[in-house]
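Please look at the sequence and the model first.

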Amino acid sequence: MKSVIIQGIKGSFHHEAVTRFFKQEQVEIVDSPTFNSLVRQVVDKKVDLGMMAIENSIAGSILPNYSLMTKNKLYIGGEIALPIKHNLLVLKGQKLEDITEVRTHPMALLQCENFLDKHESWQRLAMDDTATCARNIQEKQMYGVASIGSKLAAQMYDLEILAQDIHDVYDNYTRFYLVGTQPMLVKDFNKATLFFYTDHKQGRLSKVLEILANHELNLTKIQSVPLSGTVFQYSFHVNVVLTNNNYDLYYKALEKLKEVTQYLNVLGEYMEDKRPTYKDMNQ
Ligand SMILES: O=C(O)C(=O)C[C@]1(C(=O)O)C=C[C@@H](O)C=C1
């Protein structure tokens with residue numbers, strides 16, 4: 001059985017991402033307190049694979065994770081766009097007026113700002129992951145403290161949902177990558193992540209974009225990330241979706257890209273996750 005490490009513990013959104021990615025396939029889920037330790041354990045081959053959040057539709061990119069991938073030479077073997085519904089979790093019987101403190105993952109805080117702004121007196125604490133906060137409230141019987149997290153966490157740690165769907169925008173998604181130390185061959189892939197930098201001369205980036213457009217590659221994301229060892233120079237992570245799985249055009253584009261970049265690496269070729277609706281997820 002494959003082992004897959006997640007950021008957080010069971011009941012976190014990373015846990016849900018693994019369950020949804022692997023469907024019927026049984027995998028061993030290994031917990032990790034931070035993204036750094038997750039990557040370390042993948043690199044040291046303590047586990048087979050890692051599942052790592054990369055961006056959220058409300059809060060944006062998790063920038064450090066882009067650098068973690070490239071600095072540690074990780075490859076992407078798949079993605080999941082998971083619908084994220086946040087709930088306010090408390091010990092049974094607690095009321096809104098009892099709460100003085102809310103603890104959760106920093107990305108979850110960013111996704112629930114409108115709700116939290118209505119409770120200005122609450123202290124906001126950014127912690128390791130949503131599920132650990134929920135478990136601690138139960139284990140340490142933390143009265144007056146709420147956590148923000150999933151329905152699954154409420155069930156697993158026997159907490160009451162005091163308010164549901166507290167994220168700012170109802171359609172809220174986090175995209176995760178399945179990462180490993182080796183390039184992963186995915187049959188019939190229709191999406192790729194490219195990592196590159198150029199010589200930072202005028203018009204270089206537009207050349208790259210022109211090549212993608214001319215080879216029927218649909219750009220779904222471009223992320224600039226500080227280029228290590230430079231001041232205000234950037235590398236780019238680009239996601240492209242192939243039109244009609246035209247591999248001929250895709251490989252031609254890669255050849256042309258080599259001519260206009262200083263460095264180019266394919267981080268992964270995998271299946272695009274068609275964002276499921278909440279209905280598809282039976283939520
Ligand atoms: O704390 C969790 O439950 C996580 O899985 C982490 C995480 C994140 O890293 O963005 C995952 C999805 C949500 O966006 C909130 C938090």
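Over residues 193–271, how much of the chain is helix and how much is strand, and how far apart are the end C-alpha atoms? The model is predicted, and local features need pLDDT of at least 70, side-chain atom pairs count only at pLDDT 80 or more, while totals for chains, interfaces and linings use all residues. Residues are numbered from 1 along each chain as its sequence is written.

Helices (H or I, at least four residues) and strands (E, at least two) are DSSP runs, numbered from the N terminus.

| UniProt annotation | Helix and strand | End C-alpha atoms |
|---|---|---|
| domain: ACT, residues 193–271 | 32% helix, 41% strand | 11 Å apart |
| domain: Prephenate dehydratase, residues 3–181 | 31% helix, 33% strand | 14 Å apart |

Around the ligand there are 15 residues, counted when the C-beta atom, placed from the backbone, lies within 6 Å, and of these S12, F13, M107, D129 and T130 come nearest. The elements giving two or more residues to this shell are α1 (13–22), β3 (49–56), α4 (106–111) and α6 (130–139). Because domain 1 (3–83 + 172–180) and domain 2 (87–164), with bounds from an automatic or database domain assignment, both give residues to the shell, the ligand lies between them.

Definitions and conventions
UniProt positions are given in the numbering used here, feature names are shortened, and annotations may be inferred rather than shown by experiment.
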